[in-house]
Amino acid sequence: MSIDASHSSPRLLSLDVLRGIIMLLLAAESCTLYEAVNHQAPGWLIYQFFHHPWHGLRFWDLVQPAFMTMAGAAMYIAYQAKISRGISWQQNFWHILIRCVKLFIFGTALHCVYAGKLVWELWNVLTQLSVTTLIAYSIIRRSVVFQILFSICLLLLTEVLYRTVLMPGFDKPFTQFESFGNWVDLKLMGKINTDGWVAINIIPTAAHTIWGVLAGRLLVSKATAASKIKYLVLAGIAALAAGLVLNGLAITPIIKRIATSSFTLAAGGWVLLWMALLYWITDVKQYKQYAWIFVVVGMNAIFIYLFFETVGVQWLNKTIAIFVKGFVGYTGLAEGWLNIITAIVSLWVEWHICYWLYKKKIFFKL
């Protein structure tokens with residue numbers, strides 16, 4: 001299958017591929033593929049597809065930062081295209097604001113779907129993205145140096161808040177359920193997340209969206225491909241090293257659930273390195289024979305995310321399980337293997353929904 005150039009610029013194919021990879025990984029989680037494999041064959045490799053319980057870093061901890069960074073890059077590229085058509089920052093701001101309002105509504109609504117009732121919870125990635133997008137867009141016209149310094153200030157602000165705002169019962173900066181972030185949640189929502197997530201992650205993770213803006217700015221610049229890769233790799237190594245040093249020297253531990261500055265740096269570094277690698281593979285070396293597998297998902301990222309988090313979890317996966325287990329069950333396979341096959345079939349169906357939409361040129365956008 002060839003990539004439709006009207007919907008995917010060859011120069012930016014790597015961005016569509018990254019978006020598609022992220023969404024497929026998330027879809028596999030919603031189909032319970034990782035849980036099924038972990039139940040049947042637990043081990044170090046499959047553990048990488050689950051968030052670290054607290055202090056540490058796993059592959060799965062990098063998915064949301066990648067999503068945030070990719071969103072920032074896409075926003076800059078769209079912004080630059082509008083500027084070239086004579087649309088000002090102010091005119092585009094209202095589009096961004098409306099989009100962020102929609103993201104916020106969808107994010108909070110998903111928690112209501114999860115709970116089966118109306119709840120007020122601000123932990124969803126879409127809710128967080130709605131705020132980080134506004135922060136990143138507010139400085140999108142500023143210089144590269146300004147944006148880098150601004151993102152560093154966000155990390156420093158996070159450090160200051162966690163270390164100096166010590167409320168009774170919430171005076172342990174990096175202890176689960178006893179930090180400043182948990183105190184804020186209690187004030188904002190009247191509850192604390194049972195898995196340790198905090199809503200003020202929007203402050204440090206806004207750095208990921210800003211770094212995405214800078215990456216997008218670099219990728220559409222007139223710099224040579226070699227220079228683009230060099231800057232992405234150097235920035236990635238610098239951020240990753242800074243995060244690892246902060247953690248290694250016991251200054252600030254790497255904790256995904258409260259997005260510590262060391263985590264934000266380390267995760268951001270890894271994502272920039274991924275972007276450099278994908279750009280080299282797809283846009284420079286033109287190895288894109290199988291890119292369409294991911295592009296068809298990436299082109300409808302928000303739709304498929306909302307779909308597998310609602311219809312998929314509540315109906316589709318269960319319906320597929322009825323037929324897969326009903327027919328394949330006659331082979332005598334163990335329940336664990338039936339669950340794995342069911343998850344794979346569910347993921348296959350969700351991918352084909354995206355494939356059908358792509359072929360019909362139906363693209364849902366906020």
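Mentor: Start with a cut-off: a residue is buried when its relative accessible area is under 20%, and exposed when that area is over 50%. Keep in mind that this is a predicted model.

Now apply the cut-off. Asparagine 317 has a relative accessible area of 12%, so this residue is buried. Asparagine 317 lies in helix H13. What is asparagine 317 in contact with, leaving aside its neighbours within four places in sequence? The partners are Ser30, Cys31, Gly312, Thr342, Ser346 and Glu350.

Next, phenylalanine 67. This residue is in helix H4, which covers residues 63-84. Phenylalanine 67 counts as buried because its relative accessibility is 6%. Set aside its neighbours within four places in sequence. Phenylalanine 67 is then in contact with Ile22, Met23, Val125, Leu126, Leu129 and Ile302. Phenylalanine 67 and leucine 134 are 67 residues apart in sequence, and their C-alpha atoms are 16 Å apart in space.

Widen the view to the core. The largest nonpolar core has 65 residues. Phe67 is among those with the most contacts inside this core, along with Ile22, Met23, Leu126 and Tyr305. Helix H1, residues 13-30, gives the largest share of this core, with 11 residues. In soluble globular proteins, nonpolar side chains tend to be buried together.

Look at methionine 23 in turn. Leaving aside its neighbours within four places in sequence, methionine 23 is in contact with Phe67, Val297, Ala301, Ile304, Tyr305 and Phe308. There is also a second, separate core of 30 residues, which includes Trp89, Tyr137, Ile203 and Ala239.

Now the open spaces. The largest pocket holds about 1200 Å³ of space. Of its 36 lining residues, Glu29, His51, Tyr114, Trp197 and Glu309 are the closest to its centre. Which elements give two or more residues to this lining? They are H1, helix H2 (33-40), H4, helix H5 (89-115), helix H6 (125-138) and helix H13 (301-328). By class, the lining of the largest pocket has 18 nonpolar, 11 polar and seven charged residues.

The second largest pocket has a volume of about 1000 Å³. It is lined by 33 residues, and Arg19, Ala74, Ala78, Arg99 and Lys365 lie nearest its centre. H1, H4, H5, H6 and H13 each supply at least two residues of this lining. H4, the helix of phenylalanine 67, gives the largest share of the lining, 11 residues. The lining of the second largest pocket divides into 19 nonpolar, eight polar and six charged residues.

Turn to helix H9, residues 202-219. At 1.5 Å a residue, its 18 residues should span 26 Å, and the end C-alpha atoms are 25 Å apart, which agrees. Of the 18 residues of H9, 16 are buried, so this helix is largely enclosed by the rest of the structure.

Finish with two loops. Alanine 250 lies between helix H10 (225-248) and helix H11 (261-284). Its phi is near 60°, a positive value in a residue other than glycine. Alanine 250 counts as exposed because its relative accessibility is 69%. Glutamine 286 lies in the loop between H11 and helix H12 (292-298). Glutamine 286 also has a positive phi, about 60°, although it is not a glycine. At 40% relative accessibility, glutamine 286 counts as partly exposed.

Terms used:
Residues numbered from 1 in each chain as written. Predicted model: local features only at pLDDT ≥ 70, side-chain atom pairs only at ≥ 80, totals over all residues. Heavy atoms only, no water. Helix = DSSP H or I, 4+ residues; strand = E, 2+ residues; numbered from the N terminus. Buried < 20%, exposed > 50% of the residue type's maximum accessible area, 1.4 Å probe, protein only. Contact = heavy atoms within 4.5 Å. Core = buried A, V, L, I, M, F, W, Y, C linked by side-chain atoms within 4.5 Å. 1 Å grid on protein atoms, 1.4 Å probe; cavity = no way out; pocket = protein on both sides within 12 Å on 5 of 7 lines; lining within 4 Å. Points joined across faces, edges and corners; volume = space filled by probe spheres on them. Nonpolar A, V, L, I, M, F, W, Y, C, P; charged D, E, K, R; others polar. Expected span 1.5 Å × (residues − 1).
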